[in-house]
Amino acid sequence: MTALVIDGHPDARSLTAALAQRYAAGHGDARVLALRDLDFDPNLRFGYRERMTLEPDLVEAKQALHDADTIVVATPVWWGAPPALLKGFFDRALLPQQEYRYSKLGLPEGLIPARRGRLLLLADTPWFFLPLTGLPAQTQIVRNTMKFCGIRSVRTHRMLGVKDAKVATITRWLDRAEQLGTTDARRAGGTQAIAAEAASSSVVATS
């Protein structure tokens with residue numbers, strides 16, 4: 001596996017899930033980790049005072065994080081933040097001395113080997129609202145999570161105004177996700193995948 005695609009949406013019928021699948025199809029050597037299919041408690045019940053026992057699905061997911069050359073996170077934005085499912089995964093899976101640590105000077109050091117990443121970020125917010133609302137979820141995921149844990153180069157791809165997006169726009173987003181997968185596979189020396197099937201008619205204009 002050269003790419004890990006983390007699908008942070010609770011609904012398999014979502015556009016987020018479709019984008020994750022299309023990226024993986026374009027890549028050809030990628031695994032889609034749909035968090036909704038994992039059996040784990042997303043609540044960090046004791047904070048960092050006491051370590052919770054990792055469920056088998058989390059153990060496997062953490063290994064996948066360390067095996068991948070490229071890590072892609074696909075997520076909607078709800079109330080300015082990622083879904084609780086994705087945040088809970090970060091809380092439980094990214095642990096001190098395993099995915100990050102602090103140096104003697106108190107500076108963070110990322111321990112995830114992947115050096116490239118992408119964020120596929122979906123929001124109902126139209127682009128012209130950004131000066132008013134901003135995208136704090138982007139900062140939270142890219143700078144405070146992915147780069148914090150060692151993924152140095154992360155590119156963000158925004159799909160905005162999702163709820164009012166036309167079919168042509170959604171199709172363009174899906175095609176773009178597949179193209180990104182193909183590009184990353186070439187960079188990693190991987191093989192190209194067979195072209196992905198057209199987006200299912202069940203994919204609706206909701207992030």
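Hi everyone, let's start with helix H2: its buried residues (under 20% relative accessible area, 1.4 Å probe, protein chains only) are Leu 58, Ala 61, Lys 62, Ala 64 and Leu 65. They sit on the same side of H2, because they cover an arc of only 155° around the axis, taken from the directions from the helix axis to the C-beta atoms.

Before I go on, this is a predicted model, where local features need pLDDT of at least 70, side-chain atom pairs count only at pLDDT 80 or more, and totals for chains, interfaces and linings use all residues. Residues are numbered from 1 along each chain as its sequence is written, and side-chain values use heavy atoms, with hydrogens and water left out.

So what do the buried residues of H2 pack against? They pack against S1, strand S2 (30–34), strand S3 (70–76) and helix H3 (84–93), with contact meaning heavy atoms within 4.5 Å. Helices (H or I, at least four residues) and strands (E, at least two) are DSSP runs, numbered from the N terminus.

Now to the rings. The whole structure holds five aromatic pairs, with ring centres of Phe, Tyr and Trp (its six-membered ring) within 6.5 Å; planes under 30 degrees apart are stacked, over 60 edge-to-face, the rest tilted. Phe 89 and Phe 90 make a tilted pair, 6.3 Å centre to centre with 50° between the planes. Phe 89 counts as buried at 1% relative accessibility, and Phe 90 does at 9%. Together with Phe 40, Phe 89 and Phe 90 form one aromatic cluster.

Notes: Buried means under 20% relative accessible area, exposed over 50%, partly exposed in between (1.4 Å probe, protein chains only).
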